Amino acid sequence: MNKQKIYLSPPHLSGSELKYIKDAFASGWVAPVGQQIDFFEAELEKVLKRNSKVVALNSGTAAIHLALVMLGVKNGDSVMIQSNTHIASANPIVYLGAKPIFIDSEKDTWNMEPELLETAIIAETKKGKKPKAIVVVHLYGMPAKMDEINAIAQKYDIPVIEDAAEALGSAYNGHKCGTLGDYGILSFNGNKIITTSGGGALVTKTIEDKQKAVFLATQARDDAPHYQHSQIGYNYRMSNIVAGIGCGQMEVLDDRVKARRANFDFYQKELGGLGFEFLQEPENVFTNRWLTTILTDAYETREKIRLALAKENIESRPLWKPMHLQPVFTNEIAYTNGISEDLFNRGLCLPSGSNLTDADRERIVKVIKRI
Ligand SMILES: *Cc1c(COP(=O)(O)O)cnc(C)c1O
């Protein structure tokens with residue numbers, strides 16, 4: 001194995017991150033306050049539009065946790081959540097002592113199935129426990145069916161948290177992902193479309209909500225000369241240094257989306273005729289194509305391809321294992337239809353970095369074509 005490793009989705013720096021970090025050092029603001037945070041948040045607000053108010057945090061997971069706290073989710077509550085996701089969407093529900101109730105996917109976007117969501121809400125409410133929130137995910141950057149989900153959420157008066165960790169740059173009906181629910185969350189982990197090395201953000205709709213989130217994210221400190229606290233808070237704010245990386249990354253967000261979409265187009269052109277299914281972009285949707293995914297005919301084919309790629313030092317990964325199949329969640333309630341399980345069995349994420357070279361991509365499809 002002497003060929004250079006191709007990763008699934010590695011960080012891709014713009015080159016101007018260091019400039020912002022140096023400015024932070026020069027100003028002396030290296031703590032979780034400062035101009036870089038303010039600028040990073042303002043740049044995100046510009047991209048998201050709709051008067052969004054952004055709170056930069058130290059992870060996407062922290063953002064989901066805070067959103068649940070803001071909605072008053074407590075011990076013993078239940079929260080509806082898309083099963084087909086990364087575990088970071090679900091863990092904060094458990095941190096709060098609440099119960100995740102998993103909802104399976106539909107075929108067009110692989111995200112939450114709206115009808116199943118409604119079935120679950122009705123059934124759980126009948127049992128005497130109306131869900132406190134709905135967590136919907138735009139997996140791999142593909143927007144979920146938000147019109148349908150929001151309509152159901154409104155009908156039953158349940159707030160929506162939109163996990164747009166993988167979907168910065170994606171849009172639905174012309175509105176950016178992250179602005180479609182009551183709260184949105186973003187992630188800037190190393191593998192995401194842009195990175196701050198590690199970080200996240202909560203997207204709120206009002207300045208009051210933003211202020212409340214900042215308060216909770218900085219240990220819920222009361223207005224007093226001494227340290228005084230009347231409620232439990234968190235240490236979740238992003239550091240100003242890390243925000244400097246984010247400022248540099250915001251300069252190239254559009255380029256990163258273009259590069260990811262070009263990866264998808266390339267794979268579809270090269271492999272589309274070979275019997276693989278590619279997730280198509282619905283009419284009212286723009287996806288950032290964070291990861292290009294393919295569906296093979298069977299588990300065995302998927303594994304053959306994955307192992308052949310690994311042998312050539314190329315990283316690929318099965319589609320995310322649904323939460324209702326995770327050992328840690330075996331005792332939780334799930335409303336299933338077999339779709340996310342089937343996707344997990346047959347699907348593969350291909351290397352999708354925005355820094356893939358033409359030669360890398362040729363190397364990847366050559367291995368797949370051989371099989
Ligand atoms: C990455 C990710 C998160 C969590 O973000 P972190 O910044 O890694 O905590 C949440 N949800 C989804 C769908 C993700 O892909």
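Student: Is Arg289 buried or exposed?
Tutor: In this predicted model, Arg289 is found in the loop between strand S11 (285–286) and strand S12 (292–295). Its phi is near 50 degrees, a positive value in a residue other than glycine. The relative accessible area of Arg289 is 8%, and the cut-off for burial is under 20%, so Arg289 counts as buried.

Student: What is the relative accessible area of Asn313?
Tutor: Asn313 lies in the loop between H10 and strand S13 (317–318). Asn313 is not a glycine, yet has a positive phi of about 65 degrees. The residue is classed as buried, with a relative accessible area of 14%.

Student: How far apart in space are Glu303 and Gly347, C-alpha to C-alpha?
Tutor: Glu303 belongs to helix H10 (residues 299–311) and is buried, at a relative accessible area of 14%. In sequence, Glu303 and Gly347 are 44 residues apart. In space, their C-alpha to C-alpha distance is 9.4 Å.

Student: What is the relative accessible area of Ile103?
Tutor: Ile103 lies in strand S3 (residues 99–103). Beyond residues up to four places away in sequence, Ile103 touches Met80, Ile81, Gln82, Ser83, Met112, Glu113, Leu116, Leu117, Ala120 and Tyr335. Ile103 is buried, and its relative accessible area is 0%.

Student: How many residues does domain 2 bring to its contact with domain 1?
Tutor: The domain assignment gives domain 1 (17–250) and domain 2 (253–370). Their C-alpha centres lie 25 Å apart. The contact takes 47 residues from domain 1, and from domain 2 it takes 37 residues.

Student: What is the handedness of the crossing of H2 and H8?
Tutor: The axes of helix H2 (residues 35–48) and helix H8 (residues 240–250) come within 8 Å and cross at roughly 35 degrees. Residues in the contact include Phe39, Phe40 and Leu44 of H2 and Ala243, Gly244 and Cys247 of H8. By class, this contact has 8 nonpolar, 5 polar and 1 charged residues. The crossing of H2 and H8 is left-handed.

Student: How many charged residues are in the contact of H9 with H12?
Tutor: Helix H9 (residues 253–271) and helix H12 (residues 358–370) pack at an angle of about 30 degrees, with their axes 11 Å apart, in a right-handed crossing. Among the residues in contact are Phe266, Tyr267 and Glu270 of H9 and Arg361, Glu362 and Lys369 of H12. By class, the contact has 7 nonpolar residues and 1 polar residue, and the number of charged residues is 4.

Conventions: Residues numbered from 1 in each chain as written. Predicted model: local features only at pLDDT ≥ 70, side-chain atom pairs only at ≥ 80, totals over all residues. Heavy atoms only, no water. Axes fitted to C-alpha atoms, helices over the stretch in contact; angles between N-to-C directions. Helix = DSSP H or I, 4+ residues; strand = E, 2+ residues; numbered from the N terminus. Left-handed = near helix turned anticlockwise from the far one by under 90°. Contact = heavy atoms within 4.5 Å. Nonpolar A, V, L, I, M, F, W, Y, C, P; charged D, E, K, R; others polar. Domains from an automatic or database assignment. Buried < 20%, exposed > 50% of the residue type's maximum accessible area, 1.4 Å probe, protein only.
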